[in-house]
Amino acid sequence: MPAKFWPAAQDPQPLVKEQGSHSEASSDAGKANRRVKIALLVAGVLALVYVGVVHYLDSKNRLIFKGACTNQDSYILSFKRPRQKKEKFWILNLRPGRILIETDQNADDVKLVTIDENAIPAVKVSDRLFIKEIRDNLIIGSILLVPQDDSINRINVRISREPVLSVLFVAYQIAFLFILISLGLLTILSLYGLTIERQSLKGPPFTTLVRLFLLLISAVFAFFVTNVDDVLDFSGHPDPLKALRTSFLCNLLLAILLLALFLVFASLPRGQKLPIYLALLAGLPVVLYTIPFAAKSVGDSVLWILKLVKGSTDISFAESLSLGLNKLFFRYARSLIHVNARTTLIYTGKIMGLLSILSLFRLINSFEELSYKKKLLLFFLLLTFGFNVLFFGLPEFGYYPIPFLVFSVLSAQKYIRGGASTKPLMLSAFLAVIAGLFHGAAFFSFPIILLLPLIKHGRNGEERSWSSFLKPYALILITAGMTFLVFFVIVKALGFNLLFHTAAGGFDGRPFISFLPAHIHFPRAVNFIEIGYFISRGWIFFITGAFVFLIFLIRWKKGLALTRPDFILFLFGISQFLIVFFWGFDLGVGEFDLYIAPTTLIYVFLAKTLVGSFSDDKSGWIYILAFALFSPASLIVLMVT
């Protein structure tokens, strides 16, 4: 038998039907392999077609802007600020390629003036044509022209763009798309095999699915490494290299501390579960220390503070529970303990951070297949992850759903493990809705709740009739509906005005990633799979430490075994993680919570599978050392303070 990637857990319910003949098993394996190959072939074709269409449309979409400047304006072509929905811009977000500036009068010089007031000269081709090749997005606020004749009163200007084809980058685009599409298709195949055919989670497509996810991480990390200067610049830090050096010293102290704690707790008398005082110990830094986040470092913190100070009753549905909780706390606490708006956000954020630590602690203790030492190791590894920075009072709402999603996962796993009770299913649905009310991004995981009755097997592995699904689905819908209803009643009773004005990508009007070439004019906006897109997504590795999981590639060819609870955690994690690839971030470090919060569950899944693969508990200290030394947590602190 091939070596296992990690030992399979003992699942109370059988993962497969009763074993048939060897020929039947071989036939099922062959069928699964054929499906995987077809899915990979389809993914390859779709990737090629999509990249081809994108580059074709990009070559046809050349004109960016037409305008004029006069002598009275000192020959500065400026862009109007947007007013309502009219096509008037205060900046031009020039995408990578060859930028052509054409004039109807002779000029000696043309300079592109960025919004930071840096003047970048264009290359003169002729008296009326200037060119500037850019590799990354260039955001300009105006264009300065120097005419050859001072008597010229008006210069008409035409700005256009020609794409510059890079064979190497096109190959990377195709590879990235192939992996991403394959990941989606194999997830669908896995769900089909698990829910309809009752397949085992030991072979394809499940093993291929996890390997593809690791490839996806590796692909983005490869771009990060080869474009590290651009990714560091996107972070917004004035001196990224200095931050990296300082961060490593902080990580060294973190590694020593966590290693010492691991050795102490590993030597104490123990049972199967981690003691609760371990979670309390981990929560002490959150209670006692507040990272002084700068206002510029978080996208909406100033907005939330203003909403609290003004005392407005309006709350956006996208963050309804988060803002409502802070408004209530500020309304009643400011007269008792004289708390200000910023402190209100910090206190409630810390509460959510403590709940997150407790939820992760409970999740770790639920892994019955892990020994005490492995649970201890997993707990300390999770403390090195970048998402922990969110728990120190960040005045943002992107991470508020984390504890409720984790508790929803726990309830979902309890439901599918066995027994006839539907209470865990109802609790999982309730918690998923609550998570979404704290931040709308959590609703991306609600479809997983709808899959639970299909994933759950009948008692003793017996087949279930369609009528047996009516009750669980009715309970899911009733639970979700009643949760919303009670929430709306409470909102009304408290005198709040709920606003359903959320646009695609956020109520500030910034859309999701554009999938076809378009000229997007707000700062840092990018199209799907262009240079700027990968630079911003490369920042994921600035804040999660995901590159550590490249260690999996060492065991690439070894066998893989999953339990259904593992797969539930994976589904919750991947549904949140993929948000990062399609959300239109454009504020760099100002929106780092939206990069890091959705990655939490998928990296918990990967850390759990890594720890489960260890055959020797004594080697755990090596991984604590590695994770802590390369932890991005301290680097995030440096960049947002």
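Predicted model: local features only at pLDDT ≥ 70, side-chain atom pairs only at ≥ 80, totals over all residues.
Figure 1. Ser 320 belongs to helix H8, which covers residues 320–337. With a relative accessible area of 1%, Ser 320 is buried, as the cut-off for that label is under 20%.

**Figure 2. A network of salt bridges that joins Asp 58, Arg 95, Arg 161 and Glu 530**. Let us start with Arg 95 and Asp 58, which form a salt bridge whose closest N and O atoms are 3.2 Å apart. Arg 95 sits in the loop between strand S3 (92–94) and strand S4 (97–103), while Asp 58 is in helix H1 (residues 22–60), so this pair ties together parts that are 37 residues apart in sequence. Both Arg 95 and Asp 58 are buried. Asp 58 also forms a salt bridge with Arg 161, and here the closest N and O atoms are 2.9 Å apart. Because Asp 58 lies in helix H1 and Arg 161 in strand S10 (residues 154–162), the pair ties together parts that are 103 residues apart in sequence. Arg 161 has a relative accessible area of 3% and is buried; Asp 58, at 7% relative accessibility, counts as buried.

**Figure 3. The Arg 95 and Glu 530 side of the network**. The side chains of Arg 95 and Glu 530 meet in a salt bridge of 2.9 Å, N to O. This pair links distant parts of the chain, with Arg 95 in the loop between S3 and S4 and Glu 530 in the loop between S12 and H15, 435 residues apart. How buried are the two partners, in terms of relative accessible area? Arg 95 has a value of 5%, and Glu 530 has a value of 8%. Looking at the whole structure, a search finds twelve salt bridges.

**Figure 4. An edge-to-face pair, Phe 361 and Phe 379**. The structure holds 41 aromatic pairs. In the one shown here, the ring centres of Phe 361 and Phe 379 are 5.9 Å apart and the planes stand at 85°, so the pair is edge-to-face; the cut-off for that class is over 60 degrees. Phe 361 is part of helix H9 (residues 341–365) and Phe 379 is part of helix H10, so the pair ties together parts that are 18 residues apart in sequence. Phe 361 and Phe 379 are both buried.

Figure 5. As a reminder, an α-helix has 3.6 residues a turn, so residues three or four places apart point the same way.

**Figure 6. Helix H5 and what covers it**. Helix H5 runs over residues 240–266. At 1.5 Å a residue, its 27 residues should span 39 Å, and the end C-alpha atoms are 37 Å apart, which agrees. The buried residues of H5 are Pro 240, Ala 243, Ser 247, Asn 251, Ala 255, Leu 258, Leu 259, Phe 262, Phe 265 and Ala 266. Among the elements that cover them are helix H4 (228–234), helix H6 (276–288) and helix H10 (372–382). The cover also includes helix H21 (620–629) and helix H22 (633–640).

**Figure 7. A nonpolar patch on the surface**. Leu 41, Val 45, Val 49, Val 53, Tyr 56, Leu 57, Phe 515 and Leu 516 form this patch, and together they have about 730 Å² of accessible area. Phe 515 is found in the loop between strand S12 (497–499) and helix H15 (531–538). At 39% relative accessibility, Phe 515 counts as partly exposed.

**Figure 8. The whole chain, for orientation.** The protein chain has 22 helices and twelve strands. Of its 641 residues, 53% count as buried. The chain exposes about 28500 Å², with carbon and sulfur atoms supplying 64% of it. Among contacts with a separation of 6 or more, 81% come from residues 24 or more positions apart.

Note on methods:
Residues numbered from 1 in each chain as written. Heavy atoms only, no water. Helix = DSSP H or I, 4+ residues; strand = E, 2+ residues; numbered from the N terminus. Expected span 1.5 Å × (residues − 1). Buried < 20%, exposed > 50% of the residue type's maximum accessible area, 1.4 Å probe, protein only. Contact = heavy atoms within 4.5 Å. Patch = residues over 30% accessible without salt bridge, like charges linked within 9 Å, V, L, I, M, F, W, Y side chains within 5 Å. Areas by Shrake-Rupley, 256 points an atom, 1.4 Å probe, with all protein chains shown as cover. Salt bridge = Lys/Arg side-chain N within 4 Å of Asp/Glu carboxyl O. Phe/Tyr/Trp six-rings, centres within 6.5 Å; stacked < 30°, edge-to-face > 60°.
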